[in-house]
Each structure stands twice: as C-alpha cells, then as structure tokens.
Amino acid sequence: MLAQLQLSEQERRAVVRYIEAFSKRFKEEKPGQAIAIPPASPANPKLVALGRTKYEEAGCSQCHGQDGRGSGPSAKGLKDDWGNPISPSDLTLKPFKSGPNPEDLYRTLSTGLNGTPMPSYAAAFSTNERWALVSYILAIATREKPRGMMALSARRSMA
C-alpha cells in the first residue's frame, strides 16, 4: 500500500483505528518495542557510491535490477509468503511504498518486509552502510509516480 499523503494526520489515524478493528490482537496485545532509527548520515557523493556498492553486494539488482526499476533477473519468479506473484518495487519512482521519508527507507532496509521476499539488512550492514544504501536509492529515485499509477499500485498490493 502506498503512502496516502493526501490524508491529514487525523484522517490517517482514523484509517489505522478502522484497520485495527479487523483483529482483536490490537486490543489484546501490547505493541512491541519501537524501532530505533539513528540520525541519517549526511548525503554526499562518497556515501552514494558506498550505497551503490552495497546495493550490488546485497544482490538488490537481482530483484530491483541494475537500474532500480524492478526488472532484475529474479523479479518475474518472486512470490509472497502465500504463494502469490509479487513484483519488486521500482526504486526510481517516488513516493516509495514504505513512506516518503529517508527514515522510512532505512526502516525497510533494517527490518525487511514480512510476507515478501524483501529481507532485513540489519545484521549484514552497519548503520552507516544502511544509510549509504538509502542515499543511493534516493539518488536513483528521479521520477514521481503519476496519480493514476499510485491508485493502480495500491489496488495491486491489496489484491
């Protein structure tokens, strides 16, 4: 699901409350520990270059492609945990599914995305290396998703 930037904070919280009504777990269980996101390393050409190296080391291009457009050699065979086909994100298009801020990308790289082939890199990469990867992704994210594409992407991710 894409970030719903057109909604106000109050509207987003109302949607969260509505979604929480689908499961009694939200009433019965306490939330886990919040994920600590350290301050971002200042972006610079050296950090972006390190991020590109980490992108290759981690095998990101296998799914996201050399250019980040989601067209890597493994992209067509990806499935979610339920066996449904799933497409890797096009990292050249903003906003990202994880949210519009660099911290959102850092969180995704640190935790992975449950139910998808996207792994966590918290054990593999240091804090600085994950921030470098964020810097690289932001450097290649040069296009904005057209409004119609956002709606289509949201529908596909809900199917």
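1. In which helix does Arg-130 lie? In this predicted model, Arg-130 belongs to helix α6, which covers residues 127-140. Although Arg-130 is buried, it has no salt bridge, and Glu-129, the nearest side chain of opposite charge, is 7.0 Å away. That separation can be set against the cut-off for a salt bridge, which asks for a side-chain nitrogen of Lys or Arg within 4 Å of a carboxyl oxygen of Asp or Glu.

2. The surroundings of Arg-130 deserve a look in the structure above. Leaving aside residues up to four places away in sequence, Arg-130 touches Tyr-106, Leu-109, Ser-110, Tyr-121, Ala-122 and Phe-125. Among these, Tyr-106, Leu-109 and Ser-110 are in α5 and take part in the meeting of α5 with α6.

3. Two packed helices are described by the angle between their axes and the distance between the axes. For helix α5 (residues 102-111) and α6, the axes come within 9 Å and cross at roughly 125°, and the two helices are therefore oblique to each other. The crossing of α5 and α6 is right-handed. On the α5 side the residues that meet α6 include Pro-102, Glu-103 and Leu-105, while the α6 side contributes, among others, Thr-127, Trp-131, Leu-133, Val-134, Ile-137 and Leu-138.

4. The loop between α5 and α6 holds Asn-114, which counts as exposed because its relative accessibility is 77%. Asn-114 and Asp-81 are 33 residues apart along the chain, yet their C-alpha atoms are separated by 8.4 Å.

5. Side chains of opposite charge can pair when their charged atoms come close, and a search of the whole structure finds 8 salt bridges. Because Asp-104 and Arg-107 are 3 residues apart in helix α5, they are separated by about one helical turn. Asp-104 is buried, at a relative accessible area of 12%, whereas Arg-107 is partly exposed, at 28%.

6. Salt bridges that share partners join Glu-9, Arg-12 and Arg-13 into one network. Within helix α1 (residues 9-20), Glu-9 and Arg-12 are 3 residues apart, which means a separation of about one helical turn, and the closest N and O atoms of their salt bridge are 2.9 Å apart. Both ends count as partly exposed, Glu-9 at 41% relative accessibility and Arg-12 at 35%.

7. A further salt bridge joins the side chains of Arg-25 and Glu-29, at 3.0 Å from N to O. Here Arg-25 counts as exposed at 53% relative accessibility, whereas Glu-29 is partly exposed, with a relative accessible area of 43%.

How values were computed. Residues are numbered from 1 along each chain as its sequence is written. This is a predicted model: local features need pLDDT of at least 70, side-chain atom pairs count only at pLDDT 80 or more; totals for chains, interfaces and linings use all residues. Side-chain values use heavy atoms; hydrogens and water are left out. Helices (H or I, at least four residues) and strands (E, at least two) are DSSP runs, numbered from the N terminus. Buried means under 20% relative accessible area, exposed over 50%, partly exposed in between (1.4 Å probe, protein chains only). Lys and Arg count as positive and Asp and Glu as negative; His and the chain ends are not counted. Contact means heavy atoms within 4.5 Å. Axes are lines fitted to C-alpha atoms, for helices over the stretch in contact, and angles run from 0 to 180 degrees between N-to-C directions. Angles under 35 degrees count as roughly parallel, over 145 as roughly antiparallel, 65 to 115 as roughly perpendicular and the rest as oblique. A crossing is left-handed if the near helix is turned anticlockwise from the far one by less than a right angle, and right-handed if clockwise.
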